[in-house]
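Hello,

Here is the structure we talked about handing over. Please open it alongside these notes.

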There are 2 protein chains.
Amino acid sequence: MIGRLNHVALAVPDLAAASAFYRDTMGGRVSEAQALPVHGVTVAFVDLPNTRVELMEPLGEGSPVAAFLAKNQAGGMHHICYEVPDIYAARAQLVASGMRILGDGEPKPGAHGNPVLFLHPKDGFGTLIELEEVR
Amino acid sequence: MIGRLNHVALAVPDLAAASAFYRDTMGGRVSEAQALPVHGVTVAFVDLPNTRVELMEPLGEGSPVAAFLAKNQAGGMHHICYEVPDIYAARAQLVASGMRILGDGEPKPGAHGNPVLFLHPKDGFGTLIELEEVR
């Protein structure tokens, strides 16, 4: 079922500072910051040769990242995203195995426009797992 | 400086159960468990088309993963490992930027035999960053 690692998402309290760290200190290639109001985050991507690291800063009221940063004030590793070829087939297989899908269980357009869903972190051994359909 | 994402490491309280989850529920290719007493962990790798996810369970007294699991009993995202072409050049650049290297600051042989070092998580925006020399 799972294919490529699409990205690893790191929550950071200060996106400009984290982008500067990854660009200037770590020597990575970092994209411009992009506000995603629907998702409640502003993001920038560190483009690595084989995958991407998503730096996420909370945006607006009720950002899903704000609660995480309240508990982890310096920032931290937020989720990991695996690609699947068919999000509905993936969901069916997961639900049949007793996994819980977050929210109403329906795939939603993710940050890249592709449908995504999140597993309950307790079902992923404490790791928040995102699945993104990439055909 | 940083190149490929070498691996993402997830701490898990039960490696056999986590391996079964990634193999049977997630449909991934999971390696046999491998005890690394020097590193205080037993590991298995989920081999993805573009990178690897390392599942780590504590092994023996004083495992570096035990304290993490005491705080995160279900498990969680432990560190992210980037490849660098020259670990000493990377260290010099990091130290010049004021970054703190964990331990005595000397690169050590990592789980794959290559020299590695870890940055202080506070310097990596709350994320524990491993650098591994891959020439």
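Below is what was found in it, topic by topic.

This is a predicted model, in which local features need pLDDT of at least 70, side-chain atom pairs count only at pLDDT 80 or more, and totals for chains, interfaces and linings use all residues. Residues are numbered from 1 along each chain as its sequence is written, chains are lettered from A and ligands numbered from 1 in the order written, and side-chain values use heavy atoms, with hydrogens and water left out.

**Symmetry.** Chain A superposes on chain B by a 180° rotation with 0.0 Å of shift along the axis, at RMSD 0.0 Å. The same surface serves both copies: 100% of the contact residues of chain A recur in chain B. Contact means heavy atoms within 4.5 Å.

**Aromatics.** The whole structure holds 6 aromatic pairs over all chains. Rings of Phe, Tyr and Trp (its six-membered ring) pair if their centres lie within 6.5 Å; planes under 30 degrees apart are stacked, over 60 edge-to-face, the rest tilted. A:Phe21 and A:Tyr22 have ring centres 5.1 Å apart and planes at 80°, so this pair is edge-to-face. A:Phe21 also forms a tilted pair with B:Phe125, at 5.8 Å centre to centre and 55° between the planes. That pair crosses between chains, from helix H1 (residues 15-25) of chain A to the loop between strands S8 (115-118) and S9 (129-133) of chain B. Helices (H or I, at least four residues) and strands (E, at least two) are DSSP runs, numbered from the N terminus. A:Phe21, A:Tyr22, B:Tyr82 and B:Phe125 form one aromatic cluster.

**Burial.** Buried means under 20% relative accessible area, exposed over 50%, partly exposed in between (1.4 Å probe, protein chains only). A:Phe21 is buried at 5%, and A:Tyr22 is buried at 1%. A:Cys81 is buried at 0%. B:Cys81 is buried at 0% too. A:Ala33 is exposed, at 53%. A:Ala33 sits in the loop between strands S2 (29-30) and S3 (34-36) of chain A.

**Helix H1 of chain B.** Its buried residues include B:Leu15, B:Phe21 and B:Tyr22. Just after this helix, B:Gly27 takes a positive phi of about 70°.

Best wishes

Key
Least-squares fit on C-alpha atoms with pLDDT ≥ 70 in both.
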